[in-house]
Amino acid sequence: MKPLAAKLQKTDIDIYQAYQLIDSIVKELEDLQENLEANFSLWWPEILQLSESEPRVPRTVSRQQHRYNHSTSCNSNICSCSQTSCPKSFYHRSIVLPFISHLLSETKTRFQNRICVSMFQLIQKLLLKIKFKIDEEEL
């Protein structure tokens, strides 16, 4: 998202190009969400390498108020271990999946205003027509 923010803040970017960049980011996020299980399996070794200690599943209680308290049994699509509480499955369900969903929904909410895009396209076409008419009159 940081490269997108840097590109959107440039002074020489036009609005149509900016919306095309945003559309490409939304499409990449949607693809990431569709293939999240495979991507998370690729990320997991890097997560283990970056972590200072072995990831653990937080303890679960019967009445939980301040964090996720879902089943942590191993999901065969994510992990192939035989543990009763699998950290990989827990972190996939409680952190990665909600984060990607939130990022996608917030990006769509903030940038997906199609009326503005169509109006900017119309204004751009009108400005080009006016410019060509002025150029023809000068000749």
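In the protein chain, residues 24 or more positions apart account for 57% of the contacts with a separation of 6 or more. Contact here means heavy atoms within 4.5 Å. The model is predicted: local features need pLDDT of at least 70, side-chain atom pairs count only at pLDDT 80 or more, and totals for chains, interfaces and linings use all residues. Residues are numbered from 1 along each chain as its sequence is written, and side-chain values use heavy atoms, with hydrogens and water left out.

The chain holds 5 helices and 0 strands. Helices are DSSP runs (H or I, at least four residues), as are strands (E, at least two), numbered from the N terminus. Of the 139 residues, 21% count as buried, that is, under 20% relative accessible area with a 1.4 Å probe, protein chains only.

The largest nonpolar core has 13 residues. Such a core is a set of buried Ala, Val, Leu, Ile, Met, Phe, Trp, Tyr and Cys residues joined through side-chain atoms within 4.5 Å. I22, L29, V96 and I100 have the most contacts inside it. Helix 2 (15-34), helix 3 (36-50) and helix 4 (87-111) each give two or more residues. Helix 2 supplies the largest share, 6 residues.

I100 touches L29, L32, Q33 and L36, leaving aside residues up to four places away in sequence. The axes of helix 2 and helix 4, lines fitted to C-alpha atoms over the stretch in contact, come within 10 Å and cross at roughly 155°. Angles run from 0 to 180 degrees between N-to-C directions. The two helices are therefore roughly antiparallel, a label for angles over 145 degrees.

Definitions and conventions: Buried means under 20% relative accessible area, exposed over 50%, partly exposed in between (1.4 Å probe, protein chains only). Angles under 35 degrees count as roughly parallel, over 145 as roughly antiparallel, 65 to 115 as roughly perpendicular and the rest as oblique.
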